[in-house]
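Please keep the sequence and the coordinates at hand while reading.

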Amino acid sequence: MASSKAVSTGWFRGRVKAVPSGDCLLIIAMTNSNTGIPPEKTITLSSLIAPRLARKGGVDEPFAWDSREYLRKLCIGKEVTFKVDYTVPSIGREFGSVFLGDKNVAMLVVAEGWAKVREQGQQKGEASPFLAELLRLEEQAKQGGLGRWSQVAGAAEGSIRHLPPSSVGNASNLDAMGLLAANKGRPMQGIVEQIRDGSTLRVYLLPEFQFVQVFVAGIQAPSMGRRTASEPIAEAEVSDELNGVATTEPRGTLTSAQRLAISAASAADVSPDPFALDAKHFTEIRVLNRDVRIVLEGVDKFSNLIGSVFYSDSDSAKDLALELLENGLAKYVEWSANMMEEEAKRRLKAAELQAKKSRLRFWTNYVPPPSNSKAICDQNFSGTVVEVVSGDCVVVADDSAPYGSSIAERRVNLSSIRCPKLGNPRKDEKPAPFAREAREFLRTRLIGRQVKVLMEYSRKVGLADGASTAAGAADSRVMDFGSVFLVSPLNIDGDDAASGASSTPDKQPLGLNVAELVVARGFGTVIRHRDFEERSNYYDCLLAAEARAIGGRKGMHSSKDPPVMHITDLVTASAKKARDFLPFLQRSRRVPAVVEYVLSGHRFKLLIPKETCSIAFSFSGVRCPGRDEPFSDEAIALMRRKIMQRDVEIEVETVDRTGTFLGSLWESKKNIAGTLLEAGLAKLQTSFGSDRIPDAHLLQQAEQVAKRQKLKIWENYVEGQEVSNGPAVESKQKEVLEVVVTEVLGGGKFYVQTVGDPKAASIQRQVGSLSLQEAPLVGAFNPRKGDTVLAQFGADNSWNRAMIVSAPRGTVESANDKFEVFYIDYGNQEVVPYSRLRPLDPSLASSPGLAQLCSLAYVKVPTLDEDFGQEAAVYLSELTLSSSEEFKATVEERDTSGGKVKGQGTGTVIMVTLCAADSDLSINAAMVKEGLARMEKRKKWDSKQRQMALDNLEKYQAEARTHRLNMWQYGDIESDDEDVSLPQRKGGGR
């Protein structure tokens with residue numbers, strides 16, 4: 001009947017949740033509300049008596065099980081309409097009429113002979129409104145010998161189940177291990193009779209009717225609480241009733257002692273966990289009194305059965321554990337999940353993770369743990385693999401970036417996998433087993449190949465060993481992770497082909513997943529990420545590949561010892577040892593090799609597999625610009641694109657005094673020196689002797705082509721004009737910087753800041769916005785040497801970025817502990833107490849210092865401890881620091897021999913000609929004219945620009961010498977030799 005008439009007519013609609021016996025239904029209200037568990041009602045069919053199922057340890061009445069099964073299959077899970085006809089308060093039961101569609105359920109049961117009709121109850125009116133029709137149908141069933149009225153000999157005895165002892169509450173009644181051994185991985189049919197909690201079922205295993213308790217594998221639902229002393233008694237009563245006891249006979253009244261025991265037990269009850277009732281209800285409406293398939297996964301130490309439970313939903317089979325996790329009504333438990341197959345475990349883990357992210361029910365107040373990984377969005381690109389750093393890291397040249405630019409090559413770490421480490425030869429760390437094999441596996445498949453890269457996440461890791469580190473740690477770096485796909489795989493062998501091609505969410509094909517190939521070959525393992533940690537978008541494929549590698553005992557998973565390869569490194573060995581290897585490399589005309597590293601445009605590190613050695617190799621008679629010279633980076637980029645980690649052939653001619661082998665190199669039968677010469681990135685050195693160079697005529701032709709086209713280093717080439725083959729390559733117009741001088745040192749050195757640098761303005765604005773009033777607690781902040789911090793400058797009490805140059809040993813003990821700091825944005829250096837230091841945000845600390853160390857070009861200025869060194873420093877300060885005047889600094893040369901910045905006066909030095917905006921006389925010339933500097937010594941290979949600069953300075957030096965100014969007051973100084981320093985100033989002075 002329609003629900004709108006329910007109140008007025010007494011008819012209600014509901015859905016059958018359980019069928020305890022052949023004449024009883026548990027009906028749950030039909031509601032679309034998600035607020036709480038719907039009400040339910042137990043209805044016994046009016047005027048019917050079905051055979052009773054066995055109590056615990058008892059015996060069925062004849063046809064009791066068949067009667068219950070008929071009603072269960074007829075009604076379970078279906079929508080019905082019902083009405084309460086009468087109640088019997090003494091037994092607390094309601095009797096009613098139930099309709100399945102337009103059919104009376106009681107009539108269907110009686111017509112099939114599965115219940116008998118009781119004409120009248122104990123009280124008047126306790127009868128079904130359809131009693132007459134029920135009696136007529138019962139008579140027909142009797143006459144037809146249907147159901148319990150069967151006249152077949154032995155039918156009644158055959159309908160009685162022979163129940164084995166129940167294992168619930170008594171594990172000794174079941175050989176759990178034997179049952180598991182006989183049915184491991186094989187589905188077992190069963191009917192769920194009770195639900196203890198959302199993940200614990202009590203089931204009849206068919207056809208033996210073994211009553212067992214099954215814990216759902218891989219999950220745990222919230223606890224329903226527990227009772228104390230009276231639990232076994234109460235549980236037994238519930239068990240009997242739910243097993244189908246349907247009787248109108250009143251139970252015996254409880255004695256005073258029994259009521260007192262129940263009262264005491266109730267007081268000691270433990271209430272259910274949050275969402276425990278919801279989880280139990282969720283499981284009940286899906287599997288209670290339903291046919292299920294149980295796959296036993298294992299047995300715990302208490303002989304409890306652990307299994308996966310599958311139930312039917314329409315035409316599909318559902319996994320109960322997965323459903324509970326997806327709805328946030330259970331949590332994943334590792335101990336029982338380990339009994340399952342890897343694929344099933346992955347599904348459960350992924351479902352729990354999604355529920356946590358959505359904060360469903362059980363996870364409403366879940367707070368994810370802090371993570372050092374961060375998702376990368378919309379940074380996918382295509383490119384060519386330039387270098388295989390290791391089995392899990394490659395360098396890809398982005399197709400969209402300019403060829404040879406500093407941003408073209410991007411280092412990509414393969415997401416969610418880890419390969420053996422190659423070690424560090426400088427620290428005497430040997431490669432881990434299969435580390436070389438993993439890199440070689442990728443090298444032979446990826447170098448020079450086109451790939452698609454999907455960037456997925458970045459992670460901050462420690463510099464020491466690559467371990468994850470807390471965000472903001474100073475000794476850390478950020479690594480970018482992504483998935484790399486081979487666009488057009490060639491020569492795919494069986495193992496590679498086993499890994500299927502992947503595609504994007506919009507079904508665009510990507511190609512073979514490189515990480516999957518590595519893992520499938522047993523050269524890497526899949527990282528087990530924590531919840532909420534970013535991971536590969538193809539994580540499940542990686543886990544499947546790892547399972548195949550483990551099953552096939554491949555690579556790292558094999559019991560065999562890894563191949564051993566001892567490589568003699570002649571790059572770091574002595575020159576004598578390198579000369580000893582020369583005969584072996586000259587035995588064959590051409591020797592196969594692999595380019596391990598591009599040291600410069602013309603110098604490489606090569607691996608010679610046949611001789612198991614690594615050598616430094618350089619082209620004979622061909623030289624590229626040196627480091628920090630124009631076009632040096634372009635030459636290196638070209639060689640990385642052309643030969644980095646490629647198979648090549650070399651012909652060794654000799655070895656120089658540093659242990660570098662000289663000769664020619666071919667890749668795909670092409671002389672690579674010719675490639676450099678054609679691009680205008682190298683010069684032929686005629687002094688080497690062209691008769692000793694293979695393909696010399698081809699190399700000369702290549703150089704002539706570059707000269708005619710005025711490419712790169714030949715852009716200023718004039719036909720017929722001799723060009724120097726010296727160490728410097730004359731090319732581009734000199735760089736001019738607009739600067740302000742911030743600090744003056746001795747020896748003509750000083751610090752400058754570039755004017756108008758937006759980065760400088762941003763850093764100064766961020767530092768100025770910081771609130772730095774309270775001093776840090778002693779010990780809470782322990783700066784170490786090399787750390788970048790905030791320090792308060794003593795001259796004006798301003799806060800500036802500074803590098804710790806020296807610090808007290810151990811931890812800070814007092815606010816007055818002294819630290820020497822170098823102000824990286826200005827070039828000043830001083831000693832400050834701990835109280836004037838503050839920690840600095842990593843985003844500010846990682847930016848390079850704004851102060852650049854410079855030196856006056858073409859002149860020699862005495863240092864502070866030499867004669868007139870103090871006077872020179874004072875004069876330079878007066879010219880540059882007396883006002884905030886801006887200067888133009890023309891960059892003549894860069895000296896990188898100082899290494900990294902470690903304090904004042906260290907790091908790269910820029911040689912400049914410094915000129916004031918309103919003056920035609922450079923500061924360099926002014927120092928020489930004043931007799932406080934002298935010009936550098938001329939050299940045979942000086943460029944024309946250098947010669948012109950020295951000619952200009954020579955006029956002012958002659959003037960200072962004539963007037964005997966400062967260092968010239970006693971005539972000519974000791975020597976013009978640049979290798980001999982000026983006389984040291986004696987303690988007593990002149």
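Of the 990 residues in the chain, 46% are buried, and it should be kept in mind throughout that this is a predicted model. The secondary structure amounts to 25 helices and 47 strands. Among the contacts in the chain with a separation of 6 or more, 66% are made by residues 24 or more positions apart. The accessible surface of the chain is about 50600 Å², and carbon and sulfur atoms account for 50% of that surface.

With this overall picture in place, the charged side chains can be considered. Side chains of opposite charge can pair when their charged atoms come close. With a cut-off of 4 Å between a side-chain nitrogen of Lys or Arg and a carboxyl oxygen of Asp or Glu, the count comes to 40 salt bridges. A few of them are followed here together with the exposure of their partners.

One of these salt bridges joins D313 and K318, whose closest N and O atoms are 3.0 Å apart.

A second example is the salt bridge between R590 and E649, in which the closest N and O atoms lie 3.9 Å apart. This pair links distant parts of the chain, 59 residues apart, with R590 in the loop between helix 17 (575–586) and strand 28 (591–598) and E649 in strand 32 (residues 647–655). R590, at 34% relative accessibility, is partly exposed, and E649, with a relative accessible area of 32%, is partly exposed as well.

What is the exposure of R801 and D825, which form a salt bridge with their closest N and O atoms 2.7 Å apart? Both R801 and D825 are buried. This pair, too, links distant parts of the chain, 24 residues apart: R801 belongs to strand 39 (residues 799–806), whereas D825 sits in the loop between strand 40 (818–822) and strand 41 (829–833).

Salt bridges can also share partners, and in this way R68, E69, R72, E193 and D291 are joined into one network. Within this group, E193 is located in strand 9 (residues 187–197), and E193 counts as buried because its relative accessibility is 2%. The side chains of E193 and R68 are also joined by a polar contact of 2.8 Å.

Terms used. Residues are numbered from 1 along each chain as its sequence is written. This is a predicted model: local features need pLDDT of at least 70, side-chain atom pairs count only at pLDDT 80 or more; totals for chains, interfaces and linings use all residues. Side-chain values use heavy atoms; hydrogens and water are left out. Helices (H or I, at least four residues) and strands (E, at least two) are DSSP runs, numbered from the N terminus. Buried means under 20% relative accessible area, exposed over 50%, partly exposed in between (1.4 Å probe, protein chains only). A polar contact is a pair of N or O atoms within 3.5 Å; within protein, one must be able to donate a hydrogen and the other to accept it, and residues adjacent in sequence count only if both atoms are side-chain atoms. Contact means heavy atoms within 4.5 Å. Accessible areas come from the Shrake-Rupley method with a 1.4 Å probe; for residues, only the protein chains shown count as cover.
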